[in-house]
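The following questions and answers concern a predicted model.

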Amino acid sequence: MADNLLEIRDLVVEYHTDDAIIHAVNGVNLNVKKGETIGLVGETGAGKTTIARSILRILQTPPAKFCGGNIILNGEDIMNKSEKEMRRIRGNKISMIFQDPMTALNPIEKVGFQIAEAIGLHNKITKSEAERRACDMLEMVGIPMERFGEYPHQFSGGMKQRVVIAMALACNPELLLADEPTTALDVTIQAQVLEMMQSLKENLGTSVILITHDLGVVADICDSVAVIYAGSIVEYGTAEHIFDNPSHPYTVGLFNSLPKLNSTEPRLKPIKGLMPDPTNLPKGCAFCERCPKAADGCAAGAPAVLEIEPGHFVKCLNPGGDD
Amino acid sequence: MSALLEVRNLKKYFKTGGGALHAVDDISFTLDEGKTLGVVGESGCGKTTLGRAILHLLDITSGQVFYEGRDITNPNKSELKAIREKMQIIFQDPFSSLNPRMSVSEAIMEPLLLQGKLSKADIMSEVRVLMDTVGIAERFENSYPHELDGGRRQRIGIARALSLKPKFIVCDEPVSALDVSIQAQIINLMLDLQAERGLAYMFVTHDLSVVKYISDDIMVMYLGQSVEKAPSDELFSNPLHPYTKALLSAIPVPDIHNKTKRIIMQGEITSPINPKPGCRFMARCQHASEECANPQTLFESSPNHFVACCKYKEINKE
Amino acid sequence: MVRRRKKKSKLADVWKQLKKNKIAVIALFVIVVVVLVAVLSPLLAPYPYDQQDVLHPFAPSSGEHLLGTDRLGRDVLSRLIYGSSQSLQVGTISTGIAAVAGIIVGAIAGYYGGWKDNLIMRLLDIYQSIPMFLLCVTLAAVLGPSLRNAVIAIGIGSVPGFARLMRASILSVREMEYIEAAKSINAGNGRIILKHIIPNAISPLIVAITMGIGSSALAGAGLSFIGLGVQPPIPEWGAMISDARNFMRDHGTLALYPGICVMITVLAFNLLGDGLRDALDPRLKN
């Protein structure tokens, strides 16, 4: 498996609070190939962000607690790295874009300097060299370099998110974690940012983990998709697998919940019920209670992962699309 | 028969240090009983302000609002009370629109207590009925908002809005903060309530796929102005204004095969503070020319399809 | 995420959080002890506070006088015990006056905004440019030195702090959507302030009031020290220190004991305030 940039093996993360243990991530396995964009899709509280933060090791411990698993970057387990070694990895090999561009930028520092600073931190280069590279980065994300000396408040929301992306890409990271990068943006601005990410991906060959709840965004730029529910990946495959042949009942339910632009059906078909309480997950399949296809065996034990076609994995006893 | 709600030339300007911010600039529409008007636009286009102004949560700068044919633009205190019972609002954020120190039943009963028409016992039983209507189990009656998920909180917001038996509800992005599976539950609930009670909705949102689903008519707003208004299907099948076209093309579609070509807009959004008289979309429009600097008015291009673009014929020829 | 709700009041919630903070619990215990001592002082004190034994001034600690006697031969322990009630009265009543006035003024400024806010805040600006202690001294001097006037002076002097805090807190709550939601169902201004704003804006005030009691008690001791507070022969810790200052060199303990009392009490209120701040902060809850 030499072409895997990142491998996550049986990752388990819990949050320990005074009265309960929240099972946020329950045995996640995921491979990210070089140059691949993988979409991590799920609803609020599914554990998407916890996975991303685990990869960067920026979870607050406590309350978070790693309870097992490995995260292997280029063959090295980063769970065993010291904080000092991690600091060299963060921003350099792996960087992250957060949902809200407003809070990711320092409001009293010129944006150009913020990018140059990120470059200077990880590269032994002169200040003017770093600033020149920062200008290049700005141009690359479609911001004229004359705006190098402006402050964040002089930029619109979409422009700020571009600056954040430029900052994240400044050190040519091998892996980019994008946590809902366009959720806070208007659709027309989102279209601009997605278009830009698409072309950057083609030019730079960076691997991307895109965390989102929006299947439309996934359809736009992802090569493969992992659908996550209650802390475990319930379906994984290429974009074609997931969009053409969704097989886990949860994935099917997600697609049915979406209002479709070209449909004339009078009612939506929501998934009934709510996500299970993460402090008290059921013993069997976590989706069992909401599942229209639930059978006797589903509540008994966690279902095994089935490979229903090459490269398409489903964690369900009874997979299959609408019928 | 007159419409349930009619808004004529409504304007709402905010005073700012730099001049007047034209949040809502000359908006007119009518809404019939049991119908839904979708108001679509991006952040800062004035769609939220429009809803607040109609409900008198904000003062109107100029223009008129009619409810069942009566002018309610400048109500006195008792008129205002009567209007608010007939016109309600559902808020966007179920996490900030509920008082964290009020339990579910307290929150739902508050409008009824203030109305002061029912006895305490009647109010309690009414609260139970409302909770049942919106689908909150009785065991949650003493729960506090922070103990509930977004979907249930939004149901409380809906129960509060319904409690006074209004005829018109402004829905201010009621499902934007919710997950898709919950969003579908809430939309279905709102459609059911509309069918049962003949409610008229003004559904304010930035999510075009939701608005198509729920609306009879759709109004597209850009920087305080209505740029296009048409029946829902007509707008999606035959958008005329360049902004509407760009907006529609920008929706991410959960389909990997039928990709539409995106219209990527260039340029910066014009400032809504003391805007120039011409088309406000001009700076970002690929079809812009000199005549666009003149004030734009809504043309009726086909029955009930209005567009505020002087070049719409030219643009839509091909 | 939702289980059947356990009925639990807000107070029980705060207590649960506070219990985790050992220092705050100790502080609370100290305060309870001081309050009990103050209330029960006639029962606890071995002697009346003004009983003189002129033949035995400056007596050292003994079985008869546990902490010795002062220059008039009065039992120091008894005077400390009686003094606690004076200090607590100064602290609680003056803070009470300041908090009530501050909350009303701050709530009006914060909720209504506009010219009312401007007027109130500018007046407070002027008011705050006068040093608080000087203001107290002036007021006490004008009204005449007594415990009651010290309390009034300190209370008036602390109003701006509470008013500003209340205003800031209200400004942030006022922007919440549930305030607009209340307006949309015809709630009047009074109901909005009382039912929706104050309950959500009060947490920082509770902390400030707790700490305010400590600092007001300190200010009271200060006023008494310079002779503008409690008048002899009524014992007050600040007055006792003042009394003892002429004999510091030979009988330092006379100043030390009331000093320790002031310190412990003020510290206890401050630590409890710190603990309450953490316990009331919703971000620390889960």
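Q: Which residues of α10(A) are buried?
A: Helix α10 of chain A spans residues 249-257, and seven of its nine residues are buried, so the helix is largely enclosed by the rest of the structure. A residue counts as buried if 20 or more other C-beta atoms lie within 10 Å of its own. In α10(A) the residues concerned are P249(A), Y250(A), T251(A), V252(A), G253(A), L254(A) and S257(A).

Q: Which element of chain B is included in what covers the buried residues of α10(A)?
A: The cover includes α8 (215-221), β9 (224-229), β10 (232-238) and α9 (239-244) of chain A. Chain B is also represented in this cover, by α6.

Q: Which element supplies the largest share of the side of chain B that touches chain A?
A: In this contact, 33 residues of chain B meet 33 residues of chain A. On the side of chain B, α6 (180-197), α7 (208-214) and α9 each supply at least two residues. The largest share amounts to eight residues and comes from α6(B).

Q: How many charged residues are on the side of chain B that touches chain A?
A: The residues on this side divide by class into 18 nonpolar and eight polar. The remaining class, charged, has seven.

Q: Which residues of α9(B) meet α7(A), and how many nonpolar residues does the contact have?
A: α7(A) passes α9(B) in a left-handed crossing. From α7(A), V187(A), T188(A), Q190(A) and A191(A) meet A246(B), L247(B) and A250(B) of α9(B). By class, the contact has two polar residues and no charged ones, and its nonpolar residues number five.

Q: Which element gives the largest share of the side of chain B that touches chain C?
A: This contact takes 24 residues from chain B and 18 from chain C. Two or more residues of the chain B side come from each of α2 (77-86), β6 (87-90) and α3 (104-115). The largest share is three residues, and its source is α3(B).

Q: Which residue in β12(B) stands opposite E228(B)?
A: Strand β10(B), residues 225-231, has six of its seven residues buried. Six bridges join it to the antiparallel strand β9(B), residues 217-222, where V220(B) stands opposite E228(B). Two bridges join β10(B) to β12(B), residues 305-307, also in an antiparallel arrangement. In β12(B), the residue opposite E228(B) is V307(B).

Q: What is the phi of L223(B) in the turn between β9(B) and β10(B)?
A: The two strands form a hairpin with two residues between them. L223(B) lies in that turn, and its phi is positive, about 45°.

Q: Is N274(B) buried or exposed?
A: N274(B) is located in the loop between α9 and β11 (299-302) of chain B, and its phi is near 40°, a positive value in a residue other than glycine. Because it has 12 C-beta neighbours inside 10 Å, N274(B) counts as exposed.

Q: Is N186(C) buried or exposed?
A: N186(C) lies in the loop between α8 (177-184) and α9 (189-201) of chain C. Its phi is positive, near 75°. Since 20 C-beta neighbours fall inside 10 Å, N186(C) counts as buried.

Note on methods. Residues numbered from 1 in each chain as written. Chains lettered and ligands numbered in written order. Predicted model: local features only at pLDDT ≥ 70, side-chain atom pairs only at ≥ 80, totals over all residues. Left-handed = near helix turned anticlockwise from the far one by under 90°. Helix = DSSP H or I, 4+ residues; strand = E, 2+ residues; numbered from the N terminus. Contact = placed C-beta atoms within 7 Å. Nonpolar A, V, L, I, M, F, W, Y, C, P; charged D, E, K, R; others polar. Pairing = 2+ DSSP bridges.
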